[in-house]
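I opened the model to look up its core and its rings. My notes follow.

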Amino acid sequence: QVQLAESGGGLVQAGGSLRLSCAASGLTFSWYGMGWFRQAPGKERAFVAAISRTGSSTYYADSVKGRFTISRDNAKNTVYLQMAKMKPLDTAVYYCAAADLTYYTGSYYKILENEYDYWGQGTQVTVSS
């Protein structure tokens, strides 16, 4: 049974930093590209960042580029989202997701929500002004 468990959410002041973690189990982690998405109140879930299964390639939404960093540790089956210079608009529930990229090169990643196979339950991030 595949499980993705996010942690690290909470309340932070504008300009502050937070690091989210997502621990994966029940899958061969190094075969999966990983992504972070977020859903703000009253809005649809949106792409934040993606990383290839080897970690060699990353991609970011324009709204977080230069402020957020996605990384992964395949030995720990964990993907991270380091968030800095945070803004109230970053307030959302953050979800990690896994996409099976077994037959893709190590530099490939996915950015569309419907391309992901597994999802975590989400973790709340609130940025106060």
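I count a contact when heavy atoms lie within 4.5 Å. This is a predicted model, so I kept local features at pLDDT of at least 70 and side-chain atom pairs at pLDDT 80 or more, while totals for chains, interfaces and linings use all residues. I number residues from 1 along each chain as its sequence is written, and side-chain values use heavy atoms, without hydrogens or water.

**Tyr94.** I skipped its neighbours within four places in sequence. Tyrosine 94 is then in contact with Glu6, Leu20, Trp36, Phe37, Arg38, Val48, Phe68, Leu81, Met83, Gly122, Thr123 and Val125.

**Core.** I took a nonpolar core as buried Ala, Val, Leu, Ile, Met, Phe, Trp, Tyr and Cys residues joined through side-chain atoms within 4.5 Å. Buried is under 20% relative accessible area, with a 1.4 Å probe and protein chains only. The largest core has 35 residues. Met34, Trp36, Leu81, Met83 and Tyr94 touch the most other members. Strands are DSSP runs (E, at least two residues), numbered from the N terminus. Elements giving two or more residues include β4 (32-39) and β8 (78-83). β9 gives the most, with 6 residues.

**Rings.** I paired rings of Phe, Tyr and Trp (its six-membered ring) with centres within 6.5 Å; planes over 60 degrees apart are edge-to-face, under 30 stacked, the rest tilted. I found 8 aromatic pairs. Phe37 and Phe47 pair edge-to-face, at 5.7 Å centre to centre and 75° between the planes. Phe37 is in β4 and Phe47 in β5, 10 residues apart. Both are buried. Ring pairs link Phe37, Phe47, Tyr59, Tyr109, Tyr116 and Trp119 into a cluster.

Conventions. Buried means under 20% relative accessible area, exposed over 50%, partly exposed in between (1.4 Å probe, protein chains only). Helices (H or I, at least four residues) and strands (E, at least two) are DSSP runs, numbered from the N terminus.
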